[in-house]
Amino acid sequence: MSGRKSYESGADGPHPEPARAGMSLPAREGRRRAATNTTFRADPLRAAPALTLALFLLPIGAGLLGTLAPAFGIFPALGETQLSLDPWRDLVAQPGFATSLRLTLTSGFLSTALALLFACGFAALASTRAGTARLERALAPLLATPHVAVAIGLAFLIASSGFLARVVSPWLTGWERPPALAIVRDPWGLSYVAGLAIKETAYLVLMVLAAQGQVRAAQALAAARALGYPPLVAWAKVVLPAIYRQVRLPVYAVLAFSLSNVEVAVVLAPGTPPPLSVLAIRWFSSWDLSLYPTAAAAATLQLLVVVAGIGAWRLAEIAGKRLHRAWCARGARHGLAGPILGIGGAGAVLSGVLVLGAIAVMALWSVAEGWRYPDALPPTLSLRNWARAAPTLVDLVGTTALVAACATAIALALALACLENEARRDLKPGAGALWLLYVPLLVPQIAFLFGAQVALVRLDLDATLLAVVWAHLLFVLPYVFLSLADPFRALDPRYARIAAGLGAGPWRTFLAVKLPMLARPIATAFAVGFSVSVALYLPTLFAGAGRIMTLTTEAVTLSSGADRRVVGVTAFAQAALPLLVYAAALAVPGLLAARRRVAA
Amino acid sequence: MRHEPSSARATGLAALLLLAATTLPAQAQGEPETRDFADILAAAEGQTVYWNAWGGDPATNDFIAWVGEEVRERHGVSVVHVKLSDTAEAVSRVLAEKAAGRDEGGAVDLIWINGPNFLAMKEESLLHGPFVEALPNFALVDTQEKPSNVVDFTVPVEGLAAPWRIAQVAYLYDVEAVDAAALPGSIPEMRTWAEANPGRLTHPTARDFMGTTFLKQALVELVDDRAALQEPATDETYAQTVAPLWDWYDALRPNLWRAGAEFPESGPAQNQLLADGEIDMAITFNPAEAAAGAIQGRLPETIRVFFLEDGTIGNTSFVAIPYNAAHKEGAMVVANFLMSPEAQARGQDPANLGAFTVLDLSRLSPDERAAFDQSDAHPAMPAPEEFVRVLPEPHPSWMTRLVADWERRISG
């Protein structure tokens, strides 16, 4: 899904970019004419890119303004209309501010670095084996599982009274009672780092594997190995630089999320004081409105932290590139690269196991009765928690699925419209536009959601389903677009030309030829968008004003305490819903194709 | 975390306030409700009541859902439970609506409320009523022996809120881990107990009302002049009055769970630690919590409760109606049903809620009274003679200051 992926896949595909540039004149002429023809009838497609970007950038821009103004003292409701730095002074003077900022930075950078290391290690190991295509499919459950469910499950897995301690106690450890170990919500934020890293690893593994498929890694590796480099060292020397360029954007998105998320932090990060994002939310929610400017300053600082964080990461990239070049130039055949990548690969596998384990223990809790330390397994199982939760669960699943389906369907329509517009007008996908698509993933949610809510209230749209769908669209669209763009652009243009030759108009070609051929990528993009939507916490909370509840908002609310069996039901349902959609996405295109064959 | 997820709602309110360029003149507090209950019932039919209530306790959530079903069947009134992380969210929404000039058709119809939130709404004239006298079941409420039904945290309720459950501080402990003979009988003894059992006691963060209650209970017992707590706290009286509390707390804190550096976010989160065996003792606002938890499978069967000899803080939970509620009649029908013998008996049963009734049982018919019979109670239910006297809540201003003070001490 990286910015440059499309070019590279074009280069690998049946119609590489240079060939298109050198297309015979009649063919180009024909294309241009086709494009001109469509513009005679006022083509709604033309508006697609502008509409898409407007839907995107307007709320974010308005939201940022709405956050920045009170951060600098402009707050008419309290009679403040003078620019001032008082909110910043108050922010710095808040108890625990410095600790909070330090925690934000260390956990954000550490978890992103770990996830990247794990992903690279895994890809390097995978490159020595065949069958990575099947691996991508196996990643689906890890990707589809929402952060909150993973965080809640991990918390129980590793707590000093948790599952792992129960399995080895007391026969091995001698712990008749849970040891007084600060594991979950530890003061250094390590359990928080772990929670972020294990979930983000799956995403980065998918990105790295995809990039690896595009850069002709196999040929480069074979050449390097012929020169006597061991497989992992060869990977680090020749493949890593090529793929890193491609996964840079996803890495920034991971960094931005890790520096600013709330939902994982409330479960796994320490609370006294918590990371900056949680502090901002705490002050925003205080009904002492005089804290609002302080909260706005914290949200603005959160934006600065992310911008500076990405800048610092970029500098580290440049330094790393120099070191890498020097290391390659030395020509050493051995070194630390092998063991480091090996550890990374092991970390990736462990991450996958922990994510699955986290979901498994929550599933177990949902049917557990009387499960106490140190029982490794619940003494009795029952369905009464599910029975009790059923009425609420039906509503929650309904709302969650409705919002996800609407947001994803709109995102699909917009993405397809933009891509079809691009194809008809023979436009090159601009790198700038791709950066814009990433804006909602790079700007911390906190920094613009508060401000965006002012706009929603002004439009009398707060707490409506429409507002929630819109807020979700901001985050769903980038993922849908990026997962659809490559297959769409890689589609052999000759099919469209043949259809045109047979007399089909552009719309008929689009509907009867392109869409069926793209059934599988479209289904996958739908599943990706759906699972992104299901996992969204802050956007749901803000746009829904707390009155529109989804599985995710419920899971976060419950994670603060509540009965762990009930939490188990919600967390498991939250993880299962996107999984079902993924399974359907894998099955439906095949069924459709079979039906078409029968019909033919 | 109970506190954080609330943000969105509260910010929505700030957004509302931002828009309220001009604040409309304050409307007078709602007029007394003079209609017949029959008229109220008729007007209520078909209404949907948005009941804003703290949503952190599944047992209460289930009870609210049951109430919703009952009033729909009986009176054609639907109930939507808006699950709050903090009651202050509902208060600030009404406040924001008032500032934005939304004097009718407000989003909040009914609030589960008491303490500082009730005081704030009363002071800001945000409440409908007085209305409780218009509700027939209010005649069954005990206003003599249970004074907190009409005086909330020293603040006279004046008919602006209907009582529906009674709470009293008690402490949970695990009989398998704690020697019953060594149980603390007072706040100073609790400190000594923690010294002997480091890491086995904690309390919810003071941002949570249960955590504040832990501090208030200690304050009430340690303070030199208890009467001072019935007056609003001032800059002059506060520091000196609470000094013995912080002395006690500073000595206690190193022996709390996680050495007093981390705290569970809410009462239920604290009770989960008890169920997990990470702690052996915990505060509760419900003497039936051990029984209710065991019956509902949230707590092990080995949990019991104890009280402090000198008495413990008690209060009443109310429901109140905002002045601009869109469905006042429906809200009053729900409030009346909450005070019905049937709803109260169901609430008192530890299998459902385990909350003590606000009613004077002598005013009930023998049949109605039988539903409250506790003779076959769960073994974790304290016997009637174990209950201690109920101490009044301090004025809400003490609570607000204690929270800010605690935050500075912990995070500073």
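Predicted model: local features only at pLDDT ≥ 70, side-chain atom pairs only at ≥ 80, totals over all residues.
User: Which residues of H7(B) meet H8(B)?
Analyst: Leu215(B), Ala218(B), Leu219(B) and Leu222(B) do, and on the H8(B) side they meet Val242(B), Pro244(B), Leu245(B) and Trp248(B). Being in contact means that the C-beta atoms, placed from the backbone, lie within 7 Å. Helices (H or I, at least four residues) and strands (E, at least two) are DSSP runs, numbered from the N terminus.

User: And how do the residues of that contact divide by class?
Analyst: The contact of H7(B) with H8(B) has 8 nonpolar residues, no polar ones and no charged ones. Here Ala, Val, Leu, Ile, Met, Phe, Trp, Tyr, Cys and Pro count as nonpolar, Asp, Glu, Lys and Arg as charged, and the others, Gly among them, as polar.

User: OK, back to the helices. At what angle do H7 and H8 of chain B pack?
Analyst: About 120°, with the axes of H7 (residues 209-222) and H8 (residues 235-252) 9 Å apart. The axes are lines fitted to C-alpha atoms, for helices over the stretch in contact, and angles run from 0 to 180 degrees between N-to-C directions.

User: New topic: which residues touch the most others in the largest nonpolar core?
Analyst: Ala119(A), Leu204(A) and Val208(A), in a core of 186 residues. Helix H12 (residues 231-260) of chain A gives the most to this core, namely 18 residues. A nonpolar core is a set of buried Ala, Val, Leu, Ile, Met, Phe, Trp, Tyr and Cys residues joined through C-beta atoms within 7 Å. Buried means 20 or more other C-beta atoms within 10 Å of a residue's own, exposed means 12 or fewer, and partly exposed is in between, with C-beta atoms placed from the backbone.

User: What does Val208(A) touch, then?
Analyst: Leaving aside neighbours within four places in sequence, Val208(A) is in contact with Ala119(A), Cys120(A), Ala123(A), Ile243(A) and Val247(A). There's also a second, separate core of 119 residues, which includes Tyr50(B), Leu201(B), Leu229(B) and Ala355(B).

User: How much of chain A counts as buried?
Analyst: 52% of its 600 residues. Chain A has 26 helices and 2 strands. One of those helices, H14 (residues 276-285), is mostly covered, with 10 of its 10 residues buried. Among them are Arg282(A), Trp283(A) and Phe284(A).

User: What are the domains of chain A?
Analyst: Domain 1 is 1-45 + 388-433 + 456-600, and domain 2 is 102-274 + 333-382. Bounds like these come from an automatic or database domain assignment. Between the two, 29 residues of domain 1 are in contact with 32 residues of domain 2. On the domain 1 side, the largest share, 12 residues, comes from H26(A). By class, that side has 15 nonpolar, 8 polar and 6 charged residues.

User: And how far apart do the domain centres of chain B lie?
Analyst: The C-alpha centres of domain 1 and domain 2 of chain B lie 28 Å apart. Domain 1 covers 34-165 + 315-371 and domain 2 covers 170-306 + 391-411. Contacts join 14 residues of domain 1 with 16 of domain 2 in this chain.

User: Why does Ser125(B) count as partly exposed?
Analyst: Because Ser125(B) has 13 C-beta neighbours inside 10 Å.

Notes
Residues numbered from 1 in each chain as written. Chains lettered and ligands numbered in written order.
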